[in-house]
Amino acid sequence: MAVYTDVTDEALFAFLAQYDLGAVLSFKGIAEGVENSNFLLHCEAGRFILTLYEKRVNPDDLPFFLGLMEHLAEHDLSCPLPVKRRDGTALGALAGRPAAIITFLDGVSVRKPDARHCAETGRALAQMHLAGHGFGLSRPNALSLEHWPALFEASRARADDVAEGLGLEIECELEALQRLWPCDLPPGVIHADLFPDNVFFIGPKLSGLIDFYFACNDALAYDLAICLNAWCFEPDGAFNATKGRALLQGYQSLRPLEVEERGALPVLARGAAMRFLLTRLYDWLNVPPGALVKPKNPLEYLDKLRFHQTIDHAGEYGLDI
């Protein structure tokens with residue numbers, strides 16, 4: 001369960017006194033998410049998600065995240081909305097952490113996505129990228145290429161405890177990505193974490209996107225590369241080109257990729273794999289004492305990185321060229 005901070009009944013009731021949600025009917029931690037403490041809150045006014053923002057989240061970024069959800073919803077993207085307190089603000093403090101309540105989004109995340117799910121996700125990602133135009137706030141990507149060396153340094157000393165030779169392999173790939181990384185690709189607001197557990201479906205239809213707490217400004221095609229990693233590999237580690245084609249076609253049905261974005265996709269996919277390899281490696285080696293969270297195996301993303309290193313052009317992902 002992704003719960004790092006315990007919330008007492010007394011603290012919860014004091015926090016909720018600032019809202020008009022009625023009496024609490026139930027309250028429990030939920031498993032989704034690895035960055036923050038999340039709780040399912042059921043009140044007389046309905047069901048909500050209460051999030052406590054943990055130490056990796058910069059409190060100064062919270063107005064961007066909460067404002068982005070409001071902006072996207074105003075532009076017809078289905079996503080949760082921050083719940084305002086009586087004073088008109090959406091952000092408070094609970095158990096020593098910044099905290100907010102957001103609306104509950106109906107739907108379920110799929111554990112074994114098929115090509116139809118990938119196509120719906122690609123289309124929704126493009127819709128989000130288009131809807132993000134005109135959002136008045138900006139946030140640099142705190143987990144971009146320039147930050148990966150420092151993130152690696154936090155795990156370098158114990159990297160080989162996870163897999164022999166891992167430290168040297170990461171070091172060499174970081175050097176390669178610094179040389180190969182594309183510049184001047186079309187920018188915009190990206191989700192940066194659109195994994196299957198952050199996309200909800202009702203039956204075969206996508207019902208909405210959640211968890212915008214990595215959202216930032218970066219190359220739009222990088223967001224698509226993250227989705228290739230997250231959606232298009234099978235449990236045995238094999239890349240599924242049918243899913244890749246569906247994801248890319250769904251995306252391009254709303255926002256066709258430019259020539260430069262197509263050419264950059266293999267390197268962007270390598271970078272996306274490196275980003276999640278590094279954060280998972282750090283989390284694997286640094287689980288907070290007492291945290292009700294199970295870290296994800298970083299070696300899954302080492303295998304994906306090695307696959308992307310073999311790709312010469314985007315057509316191998318299923319992109320029509």
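Phe239 is buried in this predicted model, with a relative accessible area of 16%. From here, let's tour the rings, the charges, the strands and a few backbone angles.

**Aromatic rings**

- A pair of aromatic rings is described by the distance of the centres and the angle of the planes.
- The structure holds 15 aromatic pairs.
- Among them is the pair of Phe65 and Tyr213, which is edge-to-face, with 5.6 Å from centre to centre and 90° between the planes.
- Phe65 belongs to helix H2, while Tyr213 sits in the loop between S8 and strand S9 (216-219), so their pairing ties together parts that are 148 residues apart in sequence.
- Are Phe65 and Tyr213 buried or exposed? Both Phe65 and Tyr213 are buried.
- Phe65 and Tyr213 also belong to a cluster, in which ring pairs link them with Tyr53, Phe64 and Phe135.

**A charge over a ring**

- What does Arg275 lie over, at 5.0 Å from the ring centre? The answer is the face of Phe214.
- Arg275 has a second ring to look at: its charged end sits over the ring of Phe276, 3.9 Å from the centre.

**Salt bridges**

- Side chains of opposite charge can pair when their charged atoms come close.
- How many salt bridges does the structure hold? There are 17 of them.
- One of these joins Arg86 to Asp20, with the closest N and O atoms 2.7 Å apart.
- This pair links distant parts of the chain, 66 residues apart: Arg86 is in the loop between helix H2 (62-74) and strand S4 (92-94), and Asp20 is in the loop between helix H1 (9-16) and strand S1 (24-29).
- Arg86 is exposed, with a relative accessible area of 53%, and Asp20 is exposed as well, with 59%.
- Another salt bridge joins Glu173 and Arg270, where the closest N and O atoms are 2.9 Å apart.
- Here too the pair links distant parts of the chain: Glu173 is in helix H6 (residues 166-180) and Arg270 is in helix H9 (residues 259-285), 97 residues apart.
- Why does Glu173 count as buried? Its relative accessible area is 4%, and buried means under 20%.
- Arg270 counts as buried because its relative accessibility is 12%, which is under the 20% cut-off.
- The side chains of Glu261 and Arg255 also meet in a salt bridge, at 2.9 Å from N to O, and both residues are buried.
- Glu153, Arg156 and Glu171 form one network, joined by salt bridges that share partners.

**The five-stranded sheet**

- Strands of a sheet pair through backbone hydrogen bonds, either parallel or antiparallel.
- In which order do the five strands of the open sheet come? The order is S1-S2-S3-S5-S4, and the pairing is antiparallel.
- S1 and S4 are the edge strands, each pairing on one side only.
- On average, neighbouring strands of this sheet are turned by 35° against each other, direction ignored.
- Within the sheet, strand S3 (residues 46-52) and strand S5 (residues 97-103) run antiparallel and are joined by five bridges.
- Leu50 has Ile101 in S5 as its bridge partner.
- Helix H1 lies across S1, strand S2 (37-43), S3, S4 and S5, and runs at about 170° to S4.

**A hairpin**

- Strand S7 (residues 199-202) pairs with strand S8 (residues 205-209) in the antiparallel sense, over four bridges.
- Opposite Ile202 stands Lys205 in S8.
- Two residues lie between the strands of this hairpin, where Gly203 takes a positive phi near 65°.

- Most residues other than glycine have a negative phi, and most peptide bonds are trans.
- Ala95 has a positive phi near 55°. Ala95 is found in the loop between S4 and S5 and counts as partly exposed, at 35% relative accessibility.
- Asp211 also has a positive phi, near 60°. Where is Asp211 found? Look in the loop between S8 and S9.
- At 21% relative accessibility, Asp211 counts as partly exposed, because buried means under 20%.

Definitions and conventions. Residues are numbered from 1 along each chain as its sequence is written. This is a predicted model: local features need pLDDT of at least 70, side-chain atom pairs count only at pLDDT 80 or more; totals for chains, interfaces and linings use all residues. Side-chain values use heavy atoms; hydrogens and water are left out. A salt bridge is a side-chain nitrogen of Lys or Arg within 4 Å of a carboxyl oxygen of Asp or Glu. Buried means under 20% relative accessible area, exposed over 50%, partly exposed in between (1.4 Å probe, protein chains only). Two strands pair if DSSP finds at least two bridges between them. Rings of Phe, Tyr and Trp (its six-membered ring) pair if their centres lie within 6.5 Å; planes under 30 degrees apart count as stacked, over 60 as edge-to-face and the rest as tilted. A charge sits over a ring if NZ of Lys or CZ of Arg is within 6 Å of the ring centre and within 35 degrees of the ring normal. Axes are lines fitted to C-alpha atoms, for helices over the stretch in contact, and angles run from 0 to 180 degrees between N-to-C directions. Contact means heavy atoms within 4.5 Å.
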